[in-house]
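Reader: Hi! Could you walk me through this one while I have it open? I'd like to start with charged contacts.

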Amino acid sequence: SHSLCSRLRPSRRRHQASAMSAGDPNGHGMPSHLTFFMQVSFNTAGSVILMPWTFATLGYVSGPLLMALFFGVTLKAQSYLNRAAVDGRAGAARTLKELVTGMAGRRLGAAAAGLQAANLLLVMPAELDVTATALQYVVNARPGSAAHCNIIYVLVVAVPAVLVTQVVRRFGHKTGALACTSFALIVTKCALIVYGILRHADLYASDAAPVLGTGAAALSAGTYTWPNLFSALGNFLWVFAPVFLNTELVAEMQKPHHVHCQLLMACCCMFALYAVVGIVGARTWGLSVQDPINLQLPYDWVGVTVNVLLLYSAWLDYLISEIVFTGYVQEIFEPGFDKGDFSAGACARWFAYSMPANTCALVLISTVPQLETLVGVIVATSVTLSSWTIPALAGLHWGRRPVKDEETADAPAAAPSPKQQQQP
């Protein structure tokens with residue numbers, strides 16, 4: 001409601017004070033454009049390959065409209081957390097758990113932390129699946145040969161990530177530079193996917209419908225089934241879930257109050273990338289388009305390049321998730337751990353903190369090897385609750401909290417009455 005939004009809007013002086021407390025106290029945090037690149041890279045790396053099938057199922061006209069609706073709800077929910085993150089009343093929260101706890105209490109904060117941990121554990125095997133299949137496509141080994149085993153490719157991409165995590169322990173180290181590179185590669189990858197589809201436009205019939213439920217070919221093929229529709233709609237939650245990274249980014253930003261503009265720009269950028277790739281894929285290859293699209297591209301220089309770029313982007317997504325989850329485990333067992341300490345003992349402990357995430361990722365990808373299954377599980381469990389429910393509940397609690405005394409300390413003192421002036 002309007003009253004809730006007005007209560008969430010901090011005053012200018014409190015806004016400036018909280019921005020200084022939420023960001024780097026020495027002014028050496030990340031600039032807004034760097035966090036923009038990280039947000040787009042984190043959400044888009046292994047997601048754009050799902051959009052052609054999504055729009056072929058939901059309609060290449062009605063699909064983007066539904067995506068805009070889902071993105072708008074996600075942005076509105078996230079705005080409650082962002083306002084509190086730069087507001088002095090919640091303190092200098094550096095994690096999602098600290099932020100939600102400051103807004104709505106320990107129970108909801110613990111729930112948010114649990115959902116964030118569950119999401120990271122499930123995202124990591126999904127990204128491993130994307131990287132492993134992309135690498136397998138590039139190698140193009142003969143089916144049935146030893147080189148065709150997907151476990152080999154999983155280990156090839158997982159082990160380097162574990163090694164990098166031992167050096168890159170926080171955002172703002174080398175991760176930002178990697179995200180900038182990844183953003184440029186994501187744009188290139190999207191352009192190549194579109195080019196590859198249009199280059200081989202005659203491979204499949206263009207029989208997708210513009211509006212959901214109106215395609216005769218889709219009706220006869222049984223495309224409009226409840227599992228397909230729920231899976232396609234769930235992809236909109238999967239491809240844009242800033243809640244899992246945004247609080248940590250705000251804590252590292254030079255100017256945290258720029259987070260609202262930064263997130264809106266990231267959302268618009270992702271919407272444009274998803275819409276272009278999805279509409280072209282659905283409109284050109286119709287109902288024959290597969291999920292994911294990168295493995296359906298003909299094996300030529302375009303297909304190989306797309307999968308090489310996807311391999312890098314998805315691997316970086318895996319790396320960011322691993323850094324966040326390793327820090328979460330470290331906070332549980334050793335809150336005072338110095339991430340700048342690279343002594344033998346500190347490295348051994350940090351390595352131990354990074355093992356649970358990687359072990360769970362390897363176990364899950366071995367038992368649930370299908371990407372669409374992993375995405376469905378993530379959306380049904382952690383993403384919906386974290387992106388919509390938790391921010392809404394935290395925002396309601398935050399809006400009902402009374403204003404503290406320190407918040408009114410900046411207000412000018414009332415002039416004493418004549419009676420008070422006469423008192424000795």
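Author: Happy to. A salt bridge here is a side-chain nitrogen of Lys or Arg within 4 Å of a carboxyl oxygen of Asp or Glu. This is a predicted model, where local features need pLDDT of at least 70, side-chain atom pairs count only at pLDDT 80 or more, and totals for chains, interfaces and linings use all residues. Residues are numbered from 1 along each chain as its sequence is written, and side-chain values use heavy atoms, with hydrogens and water left out.

Reader: How many salt bridges does a search of the whole structure find?

Author: The search finds two. In one of them D300 pairs with R199, with the closest N and O atoms 3.5 Å apart. D300 sits in the loop between helix 13 (259-285) and helix 14 (301-333) while R199 belongs to helix 9 (residues 175-199), so the pair ties together parts that are 101 residues apart in sequence. Helices are DSSP runs (H or I, at least four residues), numbered from the N terminus.

Reader: And which side chain does R349 meet?

Author: That of E334, at 2.9 Å from N to O. R349 is in helix 15 (residues 344-367) and E334 in the loop between helix 14 and helix 15, 15 residues apart.

Reader: Is R349 buried, exposed or partly exposed?

Author: R349 is partly exposed, with a relative accessible area of 34%. Buried means under 20% relative accessible area, exposed over 50%, and partly exposed in between, using a 1.4 Å probe and protein chains only.

Reader: Switching topic: which residues line the largest cavity?

Author: F42, N43, S47, N119, V123, E127, W238, A241, F244, D317 and V383. A cavity is a set of points on a 1 Å grid over the protein atoms alone where a 1.4 Å probe fits but cannot get out, and lining residues have an atom within 4 Å of a point. The volume of the largest cavity is about 120 Å³, taken as the space filled by probe spheres set on the points, with grid points joined across faces, edges and corners.

Reader: Nice. Which helix gives the most to that lining?

Author: Helix 7, with three residues.

Reader: What about helix 11, which residues are buried there?

Author: L229, A232, G234, N235, F236, L237 and W238. Their cover includes helix 4 (51-58), helix 5 (62-85), helix 7 and helix 16 (371-400), where contact means heavy atoms within 4.5 Å.

Methods
1 Å grid on protein atoms, 1.4 Å probe; cavity = no way out; pocket = protein on both sides within 12 Å on 5 of 7 lines; lining within 4 Å. Helix = DSSP H or I, 4+ residues; strand = E, 2+ residues; numbered from the N terminus.
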